[in-house]
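Subject: Structure handover

Hello,

Here is the structure for you to look over. My notes follow below it.

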Amino acid sequence: MITLKQAYLKIIKAFPGGWDAMASALGMTRDALENRIYERRGQDLTVQTALMMQSFTNSTAFAEVIASESGGVFVAMPHVGELNKDVASAKFQELVEEVGELSKEFRHAVEAHHLSGKEQIRINDVIDRINRTTIEFHSVVKQFYCHKTKAETHVGEVKNG
């Protein structure tokens with residue numbers, strides 16, 4: 001996973017015009033932005049500024065690092081306008097394929113009765129992808145097929161139960 005500084009640099013690189021344009025968009029000089037990114041002279045980047053930079057580029061790099069540092073993964077939710085009946089099926093198929101990939105990686109790794117650093121990284125990467133895909137699948141199913149809230153569904157089950 002990338003570091004926070006690497007996420008900032010990725011966001012700045014994605015912004016048309018790079019450093020100078022990003023600094024201008026934030027209302028500061030390039031030196032001021034560099035001081036914050038590289039934490040010079042006791043300066044750092046505020047969460048609000050990082051989120052603003054991220055929004056300028058439609059990036060999720062900052063969110064991904066924060067989620068990873070917090071022991072989770074960032075998953076961008078699909079927009080309702082992007083959904084059709086095939087999306088849920090495709091997302092489910094993607095999930096099944098990723099579980100198959102995890103099974104293969106795990107079987108190979110445990111045959112040696114020891115997980116190398118590279119094997120641990122590969123397995124963790126697959127698990128992170130599975131988590132993302134599961135949340136995306138859940139979101140698609142809820143948005144496309146479910147028209148009641150979770151609370152409304154439970155109330156209906158109690159009344160009809």
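How many helices and strands does the protein have? There are 8 helices and 0 strands. Helices (H or I, at least four residues) and strands (E, at least two) are DSSP runs, numbered from the N terminus. Along the sequence, the pattern reads α-α-α-α-α-α-α-α.

This is a predicted model, where local features need pLDDT of at least 70, side-chain atom pairs count only at pLDDT 80 or more, and totals for chains, interfaces and linings use all residues. Residues are numbered from 1 along each chain as its sequence is written, and side-chain values use heavy atoms, with hydrogens and water left out.

Overall picture:
- The protein has 161 residues, and 28% of them count as buried (under 20% relative accessible area, 1.4 Å probe, protein chains only).
- Take the contacts (heavy atoms within 4.5 Å) with a separation of 6 or more: residues 24 or more positions apart account for 59% of them.

Now the largest pocket. Its space is about 260 Å³, a volume filled by probe spheres set on grid points joined across faces, edges and corners. A pocket is an open set of points on a 1 Å grid over the protein atoms alone, where a 1.4 Å probe fits, with protein on both sides within 12 Å along at least five of seven lines; lining residues have an atom within 4 Å of a point.

The lining has 14 residues; Met1, Ser68, Asp125, Asp128 and Arg132 are the closest to the centre. Helix 5 (61-69) and helix 7 (117-145) each supply at least two lining residues. Helix 7 gives the most, with 7.

Best wishes

Conventions. Buried means under 20% relative accessible area, exposed over 50%, partly exposed in between (1.4 Å probe, protein chains only).
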